[in-house]
Amino acid sequence: MLSNRRVGTQPLVLWLLLAVLLTGCNLPGNAGPTAVSQEVMATYVAETVQAQVIQTQLAVSTPLPSDTPALPTDTLTAVVEDTPAPQEPSATATEAATATLGVPLINAEQDTRCRQGPSTVYNVVGFLLTTEQSTVQGKDSGGEWWYIENPKKPGAYCWVWGGSTRVVGDTGSLPIITPPSTPTFTATVGPTFTLSFDNVHACSGTPAAIFKVKNNSSNALESLNLKIEDLTSSSTLYAAATSNAPFMGTSSECPPGGDALPAGKTYFVGGEIGSGNSGHTARATVKLCTEDDLDGACETKTVQFTIP
């Protein structure tokens with residue numbers, strides 16, 4: 001701002017000087033050619049004014065220095081953005097790391113029963129589901145079963161079949177585990193149960209055929225599959241159906257029943273057969289097993305009867 005005020009006052013001083021000189025040249029008593037002196041003076045003044053104008057233009061067009069320093073281009077934000085974010089370890093990497101520590105891991109390719117021993121004759125004590133993972137602690141002598149920690153009971157162990165599971169890690173150094181000397185299930189010589197027709201009575205308005213079952217084995221019977229056919233009309237009256245709670249305490253009850261048929265006891269099972277078949281010959285096919293879902297030791301029997 002100070003330089004701008006100086007540039008604006010200098011032309012005014014020059015014009016005043018010029019006026020004084022011109023006036024002095026016309027005063028009486030002065031000698032010399034007045035015209036020449038005026039031309040010289042005008043030229044001098046014009047050059048001086050032009051120099052001042054150029055100086056003023058340069059002063060206006062030249063930017064003032066700034067007190068604010070320029071910001072650097074490689075800011076912290078740019079550095080942070082160029083730095084890759086940390087990655088979460090994948091499940092495969094976790095499995096490999098755990099397996100590297102010497103503890104093989106096991107997953108189920110399909111939901112698998114976990115038993116007390118390396119055979120289907122042993123009781124089921126747990127499950128290894130497809131959504132679960134456990135550690136392998138040993139194997140059987142044939143290399144077909146894995147001895148694992150029970151997923152539902154930490155600190156307890158059971159056996160799963162290798163055919164439905166997948167192991168990650170070194171199993172060559174796993175110890176061979178000796179199974180229980182006597183399986184939990186003990187087979188009984190001869191038939192495990194006897195079957196006979198008992199009666200037909202209405203259940204919720206629909207006739208149902210009831211059959212008597214006596215358990216002759218030393219093990220409880222847990223599950224049932226029942227099918228009833230009309231042999232006279234070659235039709236199915238009751239489609240094959242599986243139940244884990246089929247047993248009724250009396251012949252007057254209606255299916256389904258209770259949980260299990262204890263050893264040495266007599267209970268009843270049944271199924272609806274519909275109406276309009278009086279006098280027809282029918283056949284019931286009954287399959288009973290020592291474990292749920294028709295697992296364990298099973299036996300199948302049939303009985304014919306006349307529909308009343």
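Me: What is the relative accessible area of Arg-115?
Reply: A quick word first: this is a predicted model, where local features need pLDDT of at least 70 and side-chain atom pairs count only at pLDDT 80 or more, while totals for chains, interfaces and linings use all residues. Residues are numbered from 1 along each chain as its sequence is written, and side-chain values use heavy atoms, with hydrogens and water left out. A residue counts as buried under 20% relative accessible area, exposed over 50% and partly exposed in between (1.4 Å probe, protein chains only). Arg-115 is buried, because its relative accessible area is 3%.

Me: Which residue does the side chain of Arg-115 meet in a salt bridge of 3.2 Å?
Reply: A salt bridge here is a side-chain nitrogen of Lys or Arg within 4 Å of a carboxyl oxygen of Asp or Glu. For Arg-115, the N to O distance of 3.2 Å is to the side chain of Glu-291.

Me: How many residues apart in sequence are the parts that Arg-115 and Glu-291 tie together?
Reply: Strands (DSSP runs of E, at least two residues) and helices (H or I, at least four) are numbered from the N terminus. Arg-115 lies in strand 2 and Glu-291 in strand 13, so the pair links parts of the chain whose separation in sequence is 176 residues.

Me: Is Glu-291 buried or exposed?
Reply: Glu-291 touches residues including Tyr-122, Asn-123, Glu-222 and Gly-296, leaving aside those up to four places away in sequence. Touching, or contact, means heavy atoms within 4.5 Å. With a relative accessibility of 9%, Glu-291 counts as buried.

Me: Which residue counts as partly exposed at 26% relative accessibility?
Reply: At 14% relative accessibility, Asp-295 counts as buried. The value of 26% makes for a partly exposed residue, and it belongs to Arg-113.

Me: Which residues do salt bridges that share partners join into one network?
Reply: The structure holds 7 salt bridges. One of them is between the side chains of Glu-229 and Lys-227, at 3.9 Å from N to O. Through shared partners, salt bridges join into one network Arg-113, Arg-115, Glu-291, Asp-293 and Asp-295.

Me: How much space lies in the largest pocket?
Reply: On a 1 Å grid over the protein atoms alone, a pocket is an open set of points where a 1.4 Å probe fits, with protein on both sides within 12 Å along at least five of seven lines; lining residues have an atom within 4 Å of a point. Grid points are joined across faces, edges and corners, and the volume is the space filled by probe spheres set on the points. For the largest pocket, that comes to about 340 Å³.

Me: Which strand gives the most to the lining of the largest pocket?
Reply: The lining has 17 residues, and those nearest the pocket centre are Arg-113, Arg-115, Val-124, Phe-127 and Glu-291. Two or more lining residues come from each of strand 2 (112-115), strand 3 (124-128) and strand 13 (281-291). With 3 residues, the most comes from strand 2.

Me: What is the relative accessible area of Asn-277?
Reply: Asn-277 sits in the loop between strand 12 (266-272) and strand 13. Beyond residues up to four places away in sequence, Asn-277 touches Asp-230, Leu-237 and Ile-307. Asn-277 is buried, since its relative accessible area is 13%.
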